[in-house]
Amino acid sequence: MSTRLDQGMATRRRVLGDAHVDRAEARKTSFDAPFQEMITEAAWGHVWSREGLSLRDRSLITLALLAAQGSDAEVAMHVRATANTGATPEEVMEAMLHVAIYAGVPRANHAIGIARRAYAEMGVEV
C-alpha cells in the first residue's frame, strides 16, 4: 500500500508536471527537505488526492485562494498547472471575478496580470 507521501508525490507530479517537480526536488537541501516532505504529504497527499473534488475544481479553488493572498509565484505556478488539471482560461477568469468581489479588486487585477503572463509563456492565447 502506498504511503501519503507516495500518493502526494504522484498527485503533485500529475498536477504540476514531472519537469517542475524534478526541478524542485533537485533544489531541495537538507535544510528544506522536512518542509518539502510535509507539503507533499499534507497538501498533495491529504488534500489534493481526495476524491471529493476534481483536480480541475481544486485548481480553481487554489488559484482563487492564492490570488486573494497575493501569492504571486504560486499563482503563476498553478496557472501553468491548469494544463494538467483541465481548468480553462475562461474558468480561471471566473475564479478571479470571485476574488475581485470577495478579496478585492487590486488582488484580482494583479493575479489576472500574472495569469496573462503565465498563459503567454505557455503559448495559450487569452
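Thr 62 counts as buried because its relative accessibility is 17%, where buried means under 20% relative accessible area with a 1.4 Å probe and protein chains only. The model is predicted, so local features need pLDDT of at least 70, side-chain atom pairs count only at pLDDT 80 or more, and totals for chains, interfaces and linings use all residues. Residues are numbered from 1 along each chain as its sequence is written, and side-chain values use heavy atoms, without hydrogens and water.

Thr 62 lies in helix H4. Apart from neighbours within four places in sequence, Thr 62 is in contact with Trp 48 and His 78 (contact means heavy atoms within 4.5 Å).

## The helix and its surroundings

Helix H4 covers residues 55-69; a helix is a DSSP run of H or I with at least four residues, numbered from the N terminus. From first to last C-alpha, H4 reaches 21 Å, close to the 21 Å expected (1.5 Å times one less than the number of residues).

Among the buried residues of H4 are Leu 55, Arg 58 and Leu 66. The buried residues of H4 pack against H1, H3, H5, H6 and H7. Just after H4, Gly 70 has a positive phi of about 75 degrees.

## The lining of the largest pocket

H1, H2, H3, H4 and H5 each supply at least two residues of the lining of the largest pocket. By class, this lining has 13 nonpolar, five polar and six charged residues. Ala, Val, Leu, Ile, Met, Phe, Trp, Tyr, Cys and Pro count as nonpolar, Asp, Glu, Lys and Arg as charged, and the others, including Gly, as polar.

Notes:
Buried means under 20% relative accessible area, exposed over 50%, partly exposed in between (1.4 Å probe, protein chains only).
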